[in-house]
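Here are some notes for a colleague who is opening this structure for the first time. Please keep the sequence and the 3D view at hand while reading the points that follow.

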Amino acid sequence: MKTAWKKTIGRIALSIVAVAALASLVTYEAAKPMAARAASAAPAAARLDDNSVGALLSLDQAMETLAARVTPAIVNVAVTSKSKPDNNEQQIPDDMQQFFGPGFNFGPHGRPQPQIEHGIGSGVIISPDGYIVTNNHVIDGAVDIKVTMSDRRTMNAKLVGADPLTDLAVIKVDGGSLPSIPWGDSTVLHPGQTVLAFGNPLGFRFTVTRGIVSALNRPNPFSDNRRKPGEFIQTDAAINPGNSGGPLVNAHGEVVGINTFLVSSSGAFSGMGFAIPAQIVRPTVEELIRDGKVTHGYMGIGISDVTPENSKFFDVNDASGAVVTQVEPNSPAAKAGLKVGDVIAELDGQKVTDAGQLQVEVGQKPPGTTIKLQVIRDGKNTTLPVTLEAMGSRDNDGTETAEGDHGKMHWGIGLSDMTPDLREQLQAPKDVHGAVVEQVQPGSSADNAGLQRGDVIVQVNRHDVQSASDVQQALGSVPKGKDALILVWSNGGNTFRVLHSPEGS
């Protein structure tokens, strides 16, 4: 009886559980579409109205207007150049590195073999007739230059002139009514001011980045040439490889600098890009367009900043000016009576704030100019006139150039005397005398004649030469518009070559 009752109770309980489960399932299934409908019906968060973000929208509109104005004047600069072969190939002995430079290797017969490379940089059109500013290191060694505009037009460009010291170059394309942007005044920039960098970084064409002026008057960070001017603009507008030669512009769309390098442990942008200020760029560019080269004024001194730490040792009241650290013998500065420890406080009546400023201002003055320096020596003021010479005119590092020009030589050739070490490296017989070709400017008379580094010039116009100075003098005496005949030893034999006059016949 109890067993039957228990069974009856069990069946009733199971029925109740089953009914309850079924009811729950029905309720859940019925609730699903209702929940879905409730979820889809819930309104999304409302967009912020224009009044709430008006300042941001105005900034966006201003940046878009600025980018649209500047971008058409930006060009991609594609360069085919002769460069040094891979270091992994046959290496030059250490004592030869100084002559040919690191990275050159020797091909057949012990002669260095240049390689062809392709590179990309940026540039900015500064005049409707097609003058373009870029970096010297973008076009250095170029045998072919092509520019691509933002509308995808591609044009051949020719080199107008380059200045390795400031790392600036001017190229030109044929055209009229080309888009261009004006110069700005970099001397009125202030840290925190908005600037935009334009260019072609890492192969991505026509890029614009926005940032601020992080600092001004940054010194030259390079140790390869202490004469390179500083005064760089530092910016956090992203600058990467490929941006070189592109403009840094202000809010008015004016060129206030030319992007030139970045400081980064990784080689990519890390918040420190640098641009050459327009106060250096503009006069350099104008001289390159006018003369095809730049001749820098030269005093012959080493200088550094006067600082709060060292000012007391020079008996000056404030930490400004440039202190003389070296005076080259027989230089303009030496002739004027400048001495180590002198503090240069004024240049032509204008206050000298630091060494970089003085270096830039002197370098931009033409040779032959007489400048007046106010000098503090042992706490006393004195005025010294200094007549500037051309930078490079007194260089004596064993290398001569056909006309001594800094970057654009008359015949396009740099020479060095034959030394026992060079003779051994070139495997030149003892009876070969003359001048060794150390540099050939692309597109020059020497380049067109097929001269290469390591060739030896043994005659000029049928007269034997014994040294680089002999060749320099012989080529310098060739009348304007006339060609020159040279006898060249190369690959174990002599050949005559004709150097056609750069001025034409």
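**Notes on the predicted model**

1. Helix H5, which spans residues 278-291, holds both Arg282 and Glu286, and these two residues are four residues apart, about one turn of the helix. The two are joined by a salt bridge in which the closest N and O atoms are 3.2 Å apart. Arg282 counts as partly exposed because its relative accessibility is 38%, and Glu286 is likewise partly exposed because its relative accessible area is 39%. It should be kept in mind that this is a predicted model.

2. For the chain as a whole, the secondary structure comes to 10 helices and 27 strands. The protein chain has 505 residues, of which 45% count as buried, and its accessible surface comes to about 26,000 Å², with 53% of that surface belonging to carbon and sulfur atoms. Among the contacts with a separation of 6 or more, 62% are made by residues 24 or more positions apart.

3. How many salt bridges does the structure hold? There are seven salt bridges, and one of them links the side chains of Asp151 and Arg153, with an N to O distance of 2.8 Å. Asp151 has a relative accessibility of 43% and therefore counts as partly exposed, while Arg153, with a relative accessible area of 38%, is also partly exposed.

4. A further salt bridge is formed by Lys365 and Asp348, whose closest N and O atoms are 3.8 Å apart. Lys365 lies in the loop between helix H7 (355-363) and strand E18 (370-377), whereas Asp348 lies in the loop between strand E16 (343-347) and strand E17 (350-351), so the pair ties together parts that are 17 residues apart in sequence. Lys365 counts as partly exposed at 22% relative accessibility, and Asp348 counts as partly exposed at 38%.

5. Leaving aside residues up to four places away in sequence, Asn243 touches Ser122, Phe198, Gly199, Asn200, Pro201, Ala238 and Asn259.

6. Gln427 is also a loop residue, found between helix H8 (420-426) and strand E23 (435-440), but Gln427 counts as exposed, with a relative accessibility of 57%. The C-alpha atoms of Gln427 and Gly492 are separated by 8.3 Å, although these residues are 65 residues apart along the chain.

Notes: Residues numbered from 1 in each chain as written. Predicted model: local features only at pLDDT ≥ 70, side-chain atom pairs only at ≥ 80, totals over all residues. Heavy atoms only, no water. Contact = heavy atoms within 4.5 Å. Buried < 20%, exposed > 50% of the residue type's maximum accessible area, 1.4 Å probe, protein only. Areas by Shrake-Rupley, 256 points an atom, 1.4 Å probe, with all protein chains shown as cover. Salt bridge = Lys/Arg side-chain N within 4 Å of Asp/Glu carboxyl O.
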